[in-house]
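Subject: The structure to look through

Dear colleague,

I am passing on a structure for you to look through, and below it I have written out what was found in it. Please keep the viewer open while you read, so that each residue can be looked up as it comes.

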Amino acid sequence: MLKKLALIGCGAIASEIVEAVNQGVIEAEITAFMDLAPEKCLRLQQLAPRARIARNIEELLETRPDLVVEAASQEAVRQYALRVVEAGVDLVVLSAGALLDKELLEKLNREAEQRGVHVYVPTGALAGLDAVRALRRAGIRRLLLRTVKPPKSLGVEVNEPRVLYRGPASEAVRLYPFNVNVAAALSLAAGMEAEVEIVADPRIERNTHIVIVESKASRLEIRVENVPSPRNPRTSLLAALSTIELLRRITRSGGVEVGS
């Protein structure tokens, strides 16, 4: 039986998800779209004509989805995540920076455990988070994320590399809510807050993330150079693909899988 899927946010990643559903990559039926600008959902509704454009979260939940995907903003997570989980519906959170709010995370964990609901966070524009999760058992001594981006994507003009921020992930996601959700995904995988460096570098064209993890069991150094999504240059193509892969796993009907 196909999973019923509802989407909060009708931007680039939502478009990729709808396309993957129509191609059969994600075994699901889309029941609803919701966005602060509902007109953005009209094009997606043409690709999923049975889906409803919801005016609020209650209308979205009335379509009885099995799974809700947040692809909008950290503010959308703060407004709607708990309501989705309270309704007994599984949730995928793309704007993971919101989950570094300890109070919100504790509430979501508590409600999810009580109701048997899953809250998923895609790996996004990073790689190797399965290994980071594994290293929690050995104890992680150091956790660093260095994000290097072209100045324009960070809203600055510089002629040489410049460190714009150095500090904890929780503050990084507050100051750069659309740039470093990866810091939250890394912190959640590690079970501890990452230290983050954000660098504007006019010499590079691709958004680059360097992860360094040190533990008793292993030292990891992971470098990812991301190509922008053709639908939205602010979004990495890998972030969209990782979401599709997560949804494929959640909705799959069977088969051999490698990794977590």
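The residues that line the second largest pocket divide into 18 nonpolar, six polar and five charged. Please bear in mind, here and throughout, that this is a predicted model. The elements that give two or more residues to the lining of this second largest pocket are α5 (102-115), β6 (119-120), α6 (129-135), α8 and α9, and the largest share, six residues, comes from α9. In total 29 residues line the second largest pocket, and those that lie nearest its centre are Tyr 120, Val 121, Pro 122, Thr 123 and Arg 133. Its volume is about 790 Å³.

The largest pocket holds about 1,000 Å³ of space. Its lining is made up of 48 residues, of which Ala 71, Ala 72, Ser 95, Phe 178 and Thr 235 are the closest to the centre. Two or more lining residues are given by each of α1 (12-22), α4 (74-86), α8 (181-190), β10 (207-215) and α9 (237-251), with α4 providing the largest share, five residues. By type, the lining of the largest pocket divides into 22 nonpolar, 18 polar and eight charged residues.

How many cavities of 30 Å³ or more does a search of the whole structure find? The search finds two, and the largest cavity has a volume of about 40 Å³. The residues that line this largest cavity are Ile 8, Glu 70, Ala 76, Val 77, Tyr 80, Ala 81, Val 84, Leu 91 and Val 93, and they divide into eight nonpolar, no polar and one charged. Both α4 and β5 (90-93) supply at least two residues of the lining of the largest cavity, while α4 gives the most, with five residues.

Next comes the packing of nonpolar residues. In soluble globular proteins, nonpolar side chains tend to be buried together. In this model the largest nonpolar core has 34 residues, and Val 132, Leu 186, Ile 198 and Val 213 are those with the most contacts inside it. At least two residues of this core are supplied by each of α6, β7 (140-149), α7 (169-175), α8, β9 (195-200), β10 and β11 (219-226), and the largest share, seven residues, comes from α8. A second, separate core has 27 residues, including Ala 28, Ala 51, Leu 67 and Val 69.

Pro 161 is found in the loop between β7 and β8 (162-168). Is Pro 161 exposed, partly exposed or buried? Pro 161 counts as partly exposed because its relative accessible area is 39%, which lies between the limits of under 20% for buried and over 50% for exposed. Not counting residues up to four places away in sequence, Pro 161 touches Val 199, Ala 200, Asp 201, Pro 202 and Arg 203. The C-alpha atom of Pro 161 is separated by 9.6 Å from that of Ile 204, although the two residues are 43 residues apart along the chain.

With best wishes

How values were computed. Residues are numbered from 1 along each chain as its sequence is written. This is a predicted model: local features need pLDDT of at least 70, side-chain atom pairs count only at pLDDT 80 or more; totals for chains, interfaces and linings use all residues. Side-chain values use heavy atoms; hydrogens and water are left out. On a 1 Å grid over the protein atoms alone, a cavity is a set of points where a 1.4 Å probe fits but cannot get out, and a pocket is an open set with protein on both sides within 12 Å along at least five of seven lines; lining residues have an atom within 4 Å of a point. Grid points are joined across faces, edges and corners, and a volume is the space filled by probe spheres set on the points. Helices (H or I, at least four residues) and strands (E, at least two) are DSSP runs, numbered from the N terminus. Ala, Val, Leu, Ile, Met, Phe, Trp, Tyr, Cys and Pro count as nonpolar, Asp, Glu, Lys and Arg as charged, and the others, Gly among them, as polar. A nonpolar core is a set of buried Ala, Val, Leu, Ile, Met, Phe, Trp, Tyr and Cys residues joined through side-chain atoms within 4.5 Å. Buried means under 20% relative accessible area, exposed over 50%, partly exposed in between (1.4 Å probe, protein chains only). Contact means heavy atoms within 4.5 Å.
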